[in-house]
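Subject: A structure for you to look at

Hi there,

Here is the structure I said I would pass on. Have a look through it first, and then read my notes below.

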Amino acid sequence: NADLMLDCWLSMDVEYTVRLAEKLRGYDLRWLEDCVLADSIDEWPKLRNRIPWQGLATGEHWSTLYPFFHAASEGLVDVLQPDILWCGGLTALIKICHIAEAAGIAVIPHGGGGTAYGQHACWGLSAIPMIECSGPVMTEEGVPLDEKDRIPGTPVPKNGRLIPSDAPGFGLKLKREWLPTFA
């Protein structure tokens, strides 16, 4: 009763990915993620042509708008996964969402649920159908999410749902002692 996705962590080439997709076809994976090296933008058209039935996702290791634009305009992937910390921040993420909407594909930010501004983006941008929670909202087995070290004011999921703070400044509660002293 849940979607299955497989993060390949940039570990394969085209041939291996095609063989894997064919073996996993009966499991109806929603997508294969980051199959090839991040800079191998020319490999994605090969994958799209060889495994057209398989959903493909990538983008967390891309740091400019160009690869997102290229992948969306060429129909190379089904899901763009920019990391808000690496793609240029909230402004760049908004631009990527506009690109994706124009191409009719989804955006699911890599670890978008791990930062307060990523949570707000996932909540408010129509190109984003779901939120991925990792990094700052993951804990060791048995440790409640509320006990995880994170920037104060960053909500954690409860019962599979996450609602961003409605407090000013994305809800973040910064402490003066965290800031350097200026002379």
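**What I found**

Met 5 stands opposite Trp 31 in strand 2. Keep in mind as you read that this is a predicted model.

That pair is a handy way into the sheet. Strand 1 pairs with strand 2 (residues 31–33) over 3 bridges, in the parallel sense. As background, strands of a sheet pair through backbone hydrogen bonds, and they can do so parallel or antiparallel. Zooming out, the sheet is an open one of 5 strands, with parallel pairing and the order 1-2-3-4-5. Why do strand 1 (5–7) and strand 5 (106–107) each have one side left without a neighbour in the sheet? They stand at the edges and have a single partner strand each, so there is nothing in the sheet on that side.

The chain as a whole has 5 helices and 5 strands. Read from the N terminus, the elements go β-α-β-α-β-α-β-α-β-α. There are 183 residues, and 42% of them count as buried. If you take contacts between residues at least 6 apart in sequence, 52% of those join residues at least 24 apart. The C-alpha atoms fill a box of roughly 55 × 40 × 30 Å along the principal axes.

Leaving out residues up to four places away in sequence, Asp 7 touches Glu 33, Asp 34 and Glu 60. Leu 32 is 25 residues from Asp 7 in sequence, yet their C-alpha atoms are 6.1 Å apart in space. A polar atom of the Asp 7 side chain also lies 3.0 Å from the backbone nitrogen of Trp 9.

Which residues of helix 5 (residues 116–124) are buried? They are Ala 116, Gly 118, Gln 119, Ala 121 and Cys 122. Helix 4 (89–103) is part of what covers them.

Finally, take a look at the second largest pocket, which holds about 160 Å³ of space. Its lining is made up of Trp 123, Met 130, Ile 131, Cys 133, Pro 157, Gly 160, Arg 161 and Leu 162. Sorted by class, that lining comes to 6 nonpolar, 1 polar and 1 charged residues.

Cheers

Technical notes. Residues are numbered from 1 along each chain as its sequence is written. This is a predicted model: local features need pLDDT of at least 70, side-chain atom pairs count only at pLDDT 80 or more; totals for chains, interfaces and linings use all residues. Side-chain values use heavy atoms; hydrogens and water are left out. Two strands pair if DSSP finds at least two bridges between them. Helices (H or I, at least four residues) and strands (E, at least two) are DSSP runs, numbered from the N terminus. Buried means under 20% relative accessible area, exposed over 50%, partly exposed in between (1.4 Å probe, protein chains only). Contact means heavy atoms within 4.5 Å. A polar contact is a pair of N or O atoms within 3.5 Å; within protein, one must be able to donate a hydrogen and the other to accept it, and residues adjacent in sequence count only if both atoms are side-chain atoms. On a 1 Å grid over the protein atoms alone, a cavity is a set of points where a 1.4 Å probe fits but cannot get out, and a pocket is an open set with protein on both sides within 12 Å along at least five of seven lines; lining residues have an atom within 4 Å of a point. Grid points are joined across faces, edges and corners, and a volume is the space filled by probe spheres set on the points. Ala, Val, Leu, Ile, Met, Phe, Trp, Tyr, Cys and Pro count as nonpolar, Asp, Glu, Lys and Arg as charged, and the others, Gly among them, as polar.
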